[in-house]
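Visitor: Please show me the model, and then let me ask what stands behind the words used to describe it.

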Amino acid sequence: MKIQKSILSAFLFLFSIHAWAANVRIAQIDSSTLLLNQKVKAYVSVTQGGIPFKGLTKKNFKVFESVTKKNSDYKEVPIISFKKGTDNERGINFLLLVDNSGSMYANLSGRYTGSIAQRRIAIAKRVITTFLKSVKNPRDKIGLAVFNTYYTSFSSPTGNKVEIEQALDKIKRPNKEQYYTEIYASLCMAVDEFRSIKGRKAIIILSDGRNDYYSATERKSHKVFGKKLYKYTESIKSCLQEGISVFAINFGAGRKDNYLPVIANQTGGTTFNASSESALGLMYRRIVDLIINEYQLTYKATMDPAELKHVRIRLNNRNNADRYYFSSTIFGLPVEGFSPLLILPFLLALLLLWLLSKMSFDRTKGGPALDFLDGSGTVVFNGKKGGATMPLTGSAKTVIGLGSGKTMISTDPGLKIKGDNATIAFDKTKNAYVLNATRPIKVNNKSVQTKVLQSGDVLNIEGKTIVFDKGVEEK
Amino acid sequence: MSLAMRRMFLCLIGLIAGLAVWPIAETAIKFQANFNSYLFFSIFLGLVFGLFMGGFFGTSEGITLSIKRRILTGIVTGAIIGILGGIVGFLIGQAALFLLGEIFVSSSTFKTIGFPVARSIGWAFLGIFIGMVEGIRAKSRIKIKTGILGGFLGGLVGGLALEYMRLLIDDIMIARMVGLLIFGLFIGLFYSIVESKLSAGVFRVLNGRSKGKEFILNQRRVKIGKSAKNDIVINAYSNVLDEHAMLIIKEHKNDKEVSIKSLNATFPVIVNDVKKDNHTLTINDVVQIGTAKFLYRFI
């Protein structure tokens with residue numbers, strides 16, 4: 001028994017030493033349930049020499065969170081659950097995105113050849129056909145798209161591999177206009193293939209060159225993208241939005257794109273170089289192997305205020321992998337220090353509200369007047385421009401001209417208004433203001449020539465709305 | 001209170017509400033790390049934010065109508081609905097922020113565009129629920145619609161202002177205060193603008209102590225009378241019953257029809273100097289209830 005234990009301990013020790021040399025990488029951080037249950041999922045890939053490192057347990061990992069990138073700020077957080085080979089049960093959704101620009105019709109050394117079989121595109125097709133046969137998990141889905149100046153989709157991820165094989169035959173050599181390599185734009189387009197698909201998603205992009213903008217070189221508008229030049233950051237944004245990892249394969253000889261490795265790294269994927277058919281076949285299998293053998297760690301997030309929360313996964317107390325997720329709240333970050341004087345604005349607000357509540361919007365006094373409701377037109381009062389309200393006096397008659405275009409009003413017996421008019425005068429016997437007009441006018445929407453005016457009566461004269469107000473007496 | 005004054009008043013209430021909420025918000029976020037989860041933290045923030053915003057906006061009807069009892073009931077109902085609205089609004093706003101934040105976080109313009117836009121969308125959702133407070137209190141679909149639109153626009157514009165204040169003003173506390181004031185002001189402003197646009201017109205008092213007051217017709221049934229329970233209270237006029245008349249607003253496809261109905265056959269309403277029990281109003285009709293006179297107009 002003792003011997004067995006010793007052998008087991010020795011095995012574990014050797015295994016641990018072996019694991020020290022491993023490379024750890026966070027492929028994806030899923031914080032979509034953070035608000036709901038405070039949990040964050042980290043998909044972790046552990047490799048050694050590019051090959052997935054299997055057999056690790058929860059004890060091999062530690063998770064830390066920090067509000068800054070400083071090593072001293074990282075706090076260990078408990079791992080709630082641990083899963084191996086996370087996506088075997090749900091399957092993986094791949095999109096094979098293949099470069100179909102002009103250079104793909106050269107051989108591996110970059111020389112154009114009449115031998116179709118030696119062309120890069122032909123090699124890629126053969127490798128993909130073999131790869132499709134090697135995918136055994138029935139839950140895995142694979143899609144196919146190609147790109148050059150344009151992005152062309154042949155199939156969204158599907159379980160029907162025959163369909164993909166048949167689609168490979170449909171890839172046609174590009175014409176001169178299609179020779180460009182729109183990598184960044186095509187990655188943004190490729191994201192759309194995953195819109196309705198859930199679960200682990202990856203784009204495997206194979207390219208033999210650099211991003212080459214059609215519109216910038218040709219100095220004319222692209223048929224699909226117009227003048228827009230897609231930046232590599234837009235590809236990253238689109239992929240992160242859909243939780244897609246990009247795995248890049250630089251194929252054949254020649255200059256490669258500088259930002260493709262950045263896109264792969266930022267989205268949780270990685271970049272491989274393949275200079276032969278066998279190497280290319282190996283890369284496809286390795287990428288699938290990497291995803292299948294990811295570890296899924298779920299932990300409880302901290303509540304420390306931060307706009308971005310930095311996550312560190314530590315393997316065997318030695319190798320670290322860092323990523324971050326968005327953790328800002330609506331109000332943002334708190335300030336340093338805290339003053340009790342903050343109570344003052346709150347009290348001020350209460351005081352202001354109390355003062356407002358004491359305000360009365362009722363008028364307490366006011367004499368008889370005519371109010372002009374409409375702002376349009378001119379009111380001429382005793383030869384001068386009048387205001388919105390004209391007071392009435394018991395002693396003087398108020399004469400309003402009719403038919404002059406302007407609202408002419410006069411209380412001055414010396415200023416005669418020619419033509420038809422309406423007179424408002426106080427009648428002592430009736431103890432009321434009485435309207436007398438030389439021709440009918442509308443009062444309260446009814447035509448009248450004479451009327452004892454009541455407070456609130458509305459006169460329509462020359463398109464103007466005039467309100468007679470008897471006024472209110474002071475309480 | 002005229003419509004222009006009402007608009008200014010709602011902006012003022014929004015400003016005061018923003019001022020009241022600011023120290024509460026500063027205190028709450030100071031203790032973020034003491035909360036167990038983002039869920040409880042968001043619920044708590046929504047609760048206090050909704051409590052004060054809802055409570056303050058709830059006073060507006062009572063103050064404009066000069067009815068003390070309505071101010072108190074407005075505070076209570078506004079606070080209760082505000083709490084519910086604040087919690088839901090904060091949760092949706094925070095969820096939207098987390099979602100959009102993840103999308104924008106890798107953008108090169110994250111600080112200047114992505115972050116403020118993500119956060120202001122969160123604020124817009126919050127604005128919707130704060131704006132709905134009065135509509136839910138009044139059980140009015142038109143007012144709820146007004147609140148949704150006005151609150152969303154106010155929240156979005158106010159939220160953007162709040163976020164860009166942080167970029168313009170170094171002191172985060174001052175930036176947040178100015179931002180919250182603008183947020184409250186814009187909710188009030190957009191609410192009043194949308195209120196005008198969606199209304200079926202306005203009832204303007206032509207005489208007496210309430211002369212110049214304008215009542216926006218933005219709910220299906222508007223009761224008029226002496227009692228404080230009415231939507232239009234005319235208690236300084238003679239021959240007015242506790243519940244005297246009711247305005248009924250019917251929505252057709254592209255039009256709204258407003259009719260007035262007397263609630264007591266003995267006391268009919270007078271429209272254009274003619275006694276009526278029931279009458280469909282047209283523009284510039286003069287309505288008399290007791291000694292009070294109103295002019296029905298479009299805004």
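Guide: What follows is a set of questions and answers on terms and the values behind them.

Visitor: How do you know which residues and chains are meant, and what kind of model is this?

Guide: Residues are numbered from 1 along each chain as its sequence is written, while chains are lettered from A and ligands numbered from 1 in the order in which they are written. The model is predicted: local features need pLDDT of at least 70, side-chain atom pairs count only at pLDDT 80 or more, and totals for chains, interfaces and linings use all residues.

Visitor: What is the average pLDDT of chain A?

Guide: pLDDT is the predictor's confidence in each residue, from 0 to 100. Chain A averages 85, and 90% of its residues score at least 70. Over residues 12-17 of chain A the pLDDT is below 50, and beyond near neighbours in sequence this stretch has one contact in the model. Residues are in contact if their C-beta atoms, placed from the backbone, lie within 7 Å. Where pLDDT is low, the predicted coordinates should not be read in detail.

Visitor: Why are H1(B) and H2(B) called roughly antiparallel?

Guide: Helices here are DSSP runs (H or I, at least four residues), as strands are (E, at least two), numbered from the N terminus. Helix H1 (residues 3-30) and helix H2 (residues 38-58) of chain B pack at an angle of about 160°, with axes 9 Å apart. Axes are lines fitted to C-alpha atoms, for helices over the stretch in contact, and angles run from 0 to 180 degrees between N-to-C directions. Angles under 35 degrees count as roughly parallel, over 145 as roughly antiparallel, 65 to 115 as roughly perpendicular and the rest as oblique. H1(B) and H2(B) are therefore roughly antiparallel.

Visitor: What is the make-up of that contact by class?

Guide: The contact of H1(B) with H2(B) has 16 nonpolar, no polar and no charged residues. Ala, Val, Leu, Ile, Met, Phe, Trp, Tyr, Cys and Pro count as nonpolar, Asp, Glu, Lys and Arg as charged, and the others, Gly among them, as polar. Among the residues in this contact are Ile13(B) and Ala17(B) of H1(B), and Phe44(B) and Leu45(B) of H2(B).

Visitor: What makes H1(B) roughly antiparallel to H8(B)?

Guide: Their axes come within 7 Å and cross at roughly 150°. That makes H1(B) roughly antiparallel to H8(B). This contact has 19 nonpolar, six polar and four charged residues.

Visitor: Which element of chain B gives the most to the side that touches chain A?

Guide: H1(B) does, with 11 residues. The contact takes 61 residues from chain B and 50 residues from chain A. By class, the side of chain B has 31 nonpolar, 19 polar and 11 charged residues.

Visitor: How do you know that S3(B) and S4(B) pair?

Guide: Two strands pair if DSSP finds at least two bridges between them. Two bridges join S3(B) to strand S4 (residues 232-233) of chain B, and the strands run parallel. Gly225(B) has Val233(B) as its bridge partner. Strand S3 (residues 221-225) also pairs with strand S5 (residues 245-251) of chain B, in the antiparallel sense over four bridges.

Visitor: Why are S5 and S15 of chain A at the edges of their sheet?

Guide: The open sheet of four strands has the order S5-S4-S14-S15 (chain A), with antiparallel pairing. Strand S5 (75-77) and strand S15 (319-326) each have a single partner strand, so one side of each is left without a neighbour in the sheet. Three bridges join S4(A) to S5(A), and Val63(A) has Val77(A) as its bridge partner in S5(A).

Notes: Two residues are in contact if their C-beta atoms, placed from the backbone, lie within 7 Å.
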